Amino acid sequence: MLGVFSGAIVSPPDELVAAGCRTPSPKITADALVKRFIEANPSTVSLQIGDHVQFAYSHRNESALLPRSFAVKDEIFCMFEGALDNLGSLKQQYGLGKSATEVVLVIEAYKALRDRAPYPPSHMVAHLNGSFSFIVFDNSTSTLFVASDQVGKVPLYWGITADGHVAFADNVDLLKGACGKSLASFPQGCFFSTAVGELMSYENPKNKITAVPAEDEEMWGATYKVEGPTVAGTESPMLSF
């Protein structure tokens with residue numbers, strides 16, 4: 001799956017911009033990236049939302065246990081890959097029918113968060129149990145919401161194209177050939193929301209996330225780390241992704 005967003009939707013992460021400047025390497029534009037995805041996956045479904053957002057996905061080479069899906073409701077677009085272990089109880093919680101799928105559940109959870117939930121964004125993702133990554137774009141508010149599961153069973157990557165768009169994909173080779181060193185693994189157990197304005201851990205929302213520049217010979221431009229809880233008299237341990 002692939003989601004590409006212009007600077008009008010999301011500002012490119014500073015650490016990935018810096019990595020691309022520090023170690024320049026070939027990049028391509030957002031349109032060329034989407035074209036490359038479509039050419040590599042003949043059964044691709046793709047769409048453009050306005051002038052600033054492009055989605056593309058395919059069932060090619062997907063896992064039978066962790067399928068990809070796409071849905072749209074009330075101008076909320078969602079691509080989901082994986083499976084939720086607690087889908088049944090969540091459907092009851094959100095008042096959904098028995099036939100509702102994971103991607104529909106995520107849209108409803110996002111709508112509840114946006115419209116009426118009195119809890120922080122981290123709660124919306126923290127109660128999803130399973131293996132997943134998803135990309136939500138709310139066209140009515142131009143809000144982007146992206147998340148990955150707690151242990152990274154469904155990999156997700158993000159990078160910056162030659163024309164400054166931020167791209168998310170489950171295929172690292174696709175982004176490596178498009179974003180150069182402006183590329184990183186999306187940290188597991190975390191979410192990114194343009195409404196919040198930063199990358200956060202939903203398991204430990206109060207813990208700061210830092211980006212450590214990668215060595216020049218590494219594929220990544222940066223590695224994101226979630227700081228562990230501080231213990232008196234010791235340094236904060238960090239979880240690396």
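Some ground rules come before the details. Residues are numbered from 1 along each chain as its sequence is written, and side-chain values use heavy atoms, with hydrogens and water left out. As this is a predicted model, local features need pLDDT of at least 70 and side-chain atom pairs count only at pLDDT 80 or more, while totals for chains, interfaces and linings use all residues.

The chain has a mean pLDDT of 87, and 92% of its residues reach 70 or more. Over residues 230-241, though, the pLDDT is below 50, even if this stretch has 23 contacts (heavy atoms within 4.5 Å) in the model beyond near neighbours in sequence. Where pLDDT is low, the predicted coordinates should not be read in detail.

Now for the rings. Rings of Phe, Tyr and Trp (its six-membered ring) pair if their centres lie within 6.5 Å; planes under 30 degrees apart count as stacked, over 60 as edge-to-face and the rest as tilted. The whole structure has 17 aromatic pairs. Here are two of them:

| Pair | Centre distance | Plane angle | Type |
|---|---|---|---|
| Phe80 and Phe132 | 6.3 Å | 20° | stacked |
| Phe145 and Phe191 | 5.3 Å | 5° | stacked |

Helices (H or I, at least four residues) and strands (E, at least two) are DSSP runs, numbered from the N terminus. Phe80 sits in strand E5 (residues 76-84) and Phe132 in strand E6 (residues 130-138), so their pair ties together parts that are 52 residues apart in sequence. The other pair also links distant parts of the chain, with Phe145 in strand E7 (residues 143-148) and Phe191 in strand E11 (residues 190-193), 46 residues apart.

Buried means under 20% relative accessible area, exposed over 50%, and partly exposed in between (1.4 Å probe, protein chains only). Phe80 is buried at 0%, Phe132 is buried at 0%, and both Phe145 and Phe191 are buried.

A nonpolar core is a set of buried Ala, Val, Leu, Ile, Met, Phe, Trp, Tyr and Cys residues joined through side-chain atoms within 4.5 Å. The largest one has 29 residues, and Phe5, Phe55, Leu144, Trp158, Phe168 and Phe186 touch the most other members. Among the elements giving two or more residues to this core are strand E3 (53-57), strand E8 (157-160) and strand E14 (222-227). A second, separate core of 27 residues includes Ile76, Phe80, Ile107 and Met124.

Ala30, Leu33, Val34 and Phe37 are buried. What do the buried residues of H2 pack against? Their partners are strand E1 (2-5), E3, E9 and helix H6 (172-179).

Last, a few single residues. Ser133 lies in strand E6 and counts as buried at 0% relative accessibility. Leaving out residues up to four places away in sequence, Ser133 touches several residues, including Met1, Phe80 and Leu156. As for disulfides (pairs of cysteine sulfur atoms within 2.5 Å), the structure holds 0. For Cys190, the nearest cysteine sulfur, that of Cys78, is 18 Å away.

Terms used
pLDDT is the predictor's confidence in each residue, from 0 to 100.
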